Amino acid sequence: MGWLWAIIVGFVLGLLAKAIIPGKQHSPLWLTTIFGILGAIVGNAIARALGVDATRGIDWSRHAFQLVAAIIIVYLGDMAYMALRGSKVKA
């Protein structure tokens with residue numbers, strides 16, 4: 001079940017990040033999901049380092065860190081995807 005939740009959370013975080021980032025992102029959905037999973041992992045690590053990974057009720061601060069990390073990773077990952085894809089199209 002852990003992998004299934006990771007995919008679901010990564011999918012949702014990736015889509016939220018794409019919706020927040022202005023402009024059009026060109027990375028495919030499967031890559032956006034991977035970027036979202038990475039954002040969740042990085043966000044969890046930051047929350048754990050700051051000591052806010054386990055609080056009573058819903059961990060809003062942890063989710064905020066995950067979303068911010070996903071936005072950054074989706075943005076940078078899409079730039080890298082377009083740079084790689086653009087060089088393949090021109091060659």
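Which glycine takes a positive phi just after H2? The residue is glycine 51, with a phi of about 80°.

The structure is a predicted model, in which local features need pLDDT of at least 70 and side-chain atom pairs count only at pLDDT 80 or more, while totals for chains, interfaces and linings use all residues. Residues are numbered from 1 along each chain as its sequence is written, and side-chain values use heavy atoms, with hydrogens and water left out. The predictor's confidence in each residue is given as pLDDT, on a scale from 0 to 100. Its mean over the protein is 88, and 93% of the residues reach 70 or more. Confidence is highest in H2, at a mean of 93, and lowest in H3, at 87.

The protein contains three helices and zero strands (DSSP runs numbered from the N terminus, where a helix is H or I with at least four residues and a strand is E with at least two). From the N terminus on, the order is α-α-α. Taken along the principal axes, the C-alpha atoms fill a box of roughly 55 × 25 × 20 Å. Of the 91 residues, 26% are buried (buried means under 20% relative accessible area, exposed over 50%, and partly exposed in between, with a 1.4 Å probe and protein chains only).

Helix H1 has 19 residues and spans 27 Å from its first C-alpha to its last, close to the expected 27 Å (1.5 Å times one less than the number of residues). Its buried residues are Gly10, Leu13, Gly14, Ala17 and Lys18. They cover an arc of only 135° around the axis, so they sit on the same side of H1 (the arc is that of the directions from the helix axis to the C-beta atoms). On the face of H1 turned away from its buried side are the exposed residues Trp5 and Ala19.

Helix H2 has 22 residues and reaches 31 Å between its end C-alpha atoms, close to the 32 Å expected. Its buried residues include Leu31, Phe35, Gly36 and Ala47. From C-alpha to C-alpha, glycine 57 is 19 Å from tryptophan 5, 52 residues away in sequence.

The largest pocket has a volume of about 280 Å³. Among its 15 lining residues, Val9, Leu13, Ala40, His63 and Gln66 are the closest to its centre. On a 1 Å grid over the protein atoms alone, a pocket is an open set of points where a 1.4 Å probe fits, with protein on both sides within 12 Å along at least five of seven lines, and lining residues have an atom within 4 Å of a point. H1 gives the most to this lining, with seven residues.

Definitions and conventions:
Points joined across faces, edges and corners; volume = space filled by probe spheres on them.
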